[in-house]
Amino acid sequence: MSKIGIFFGPLKGSVNRVADKVKLALGEQNVELISVNDASTSDLEKYDRIIFGISTVGKETWDSKYSNTDWSKFFPNISKVDFSGKTVAIFGLGDHITYSSYFVNAIGVLAKELLKKGATIVGKVDTSGYEFDDSESVIDGMFIGLPIDEDFEPELTDERVGNWVNSIKPAFGL
Ligand SMILES: Cc1cc2nc3c(=O)[nH]c(=O)nc-3n(C[C@H](O)[C@H](O)[C@H](O)COP(=O)(O)O)c2cc1C
């Protein structure tokens, strides 16, 4: 079976650290880590099973054509790919204290684009384990991906990643 592609960005921060943990939890041999910095639409097309790792750093700093972050450059590729038949999951870094009204918004923005392009999104997460005021990533009462807060709840990361990876394994054929 071909590998699971974890497309993540930016490099060397919290997203990168959590991407490494997700890879370990899935089994290193099953996974290819791909920085969105180096990725193109043809890289996305190669994988039937994809995990995206993204952080929310203020909407205008990553989904605007004027911005210069890894994800802002990569994001337009999403709408150029047909995701039907692909199984996708998303984890997202955020800060539930400072940005309580925008908590992990990027997960939701990315998910909505993926759903438009036909993706099957797995790995929804109950909101009950989190404190926040509002989030674009809550769809039909659940987080559409896994929120991680390395700024204020780093002690919860390993358990959150472990539970989430176990929950998505069957959908990824593991
Ligand atoms: C300028 C700035 C804006 C941010 N905006 C948000 C936000 O809107 N929502 C949120 O949940 N976290 C927000 N954060 C917190 C980051 O998502 C968090 O620190 C994350 O761990 C960064 O991961 P990275 O270093 O891998 O990009 C923001 C952080 C910065 C520095």
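Modeller: A polar contact is a pair of N or O atoms within 3.5 Å; within protein, one must be able to donate a hydrogen and the other to accept it, and residues adjacent in sequence count only if both atoms are side-chain atoms. This is a predicted model: local features need pLDDT of at least 70, side-chain atom pairs count only at pLDDT 80 or more, and totals for chains, interfaces and linings use all residues. Residues are numbered from 1 along each chain as its sequence is written, and side-chain values use heavy atoms, leaving out hydrogens and water.

Colleague: Which polar backbone atom lies 3.3 Å from an oxygen atom of the ligand?

Modeller: One of Leu93. Ser14 has a polar backbone atom 3.0 Å from a ligand oxygen. For Asp95 the value is 3.1 Å, again from a polar backbone atom to a ligand oxygen.

Colleague: How do I read two packed helices?

Modeller: Use the angle between their axes and the distance between the axes. Here helix 1 (residues 14-26) and helix 5 (residues 157-168) pack at about 45°, axes 10 Å apart. Helix 1 is therefore oblique to helix 5 (under 35 degrees is roughly parallel, over 145 roughly antiparallel, 65 to 115 roughly perpendicular, the rest oblique). Axes are lines fitted to C-alpha atoms, for helices over the stretch in contact, with angles from 0 to 180 degrees between N-to-C directions. Helices are DSSP runs of H or I, at least four residues; strands are E, at least two; numbering starts at the N terminus.

Colleague: Which residues of helix 1 and helix 5 make the contact?

Modeller: Val18, Lys21, Val22, Ala25 and Leu26 of helix 1 meet Thr157, Asp158, Val161, Trp164 and Val165 of helix 5 (contact means heavy atoms within 4.5 Å).

Colleague: And the backbone?

Modeller: Most peptide bonds are trans. Gly9 and Pro10 are joined by a cis one, omega about 0°.
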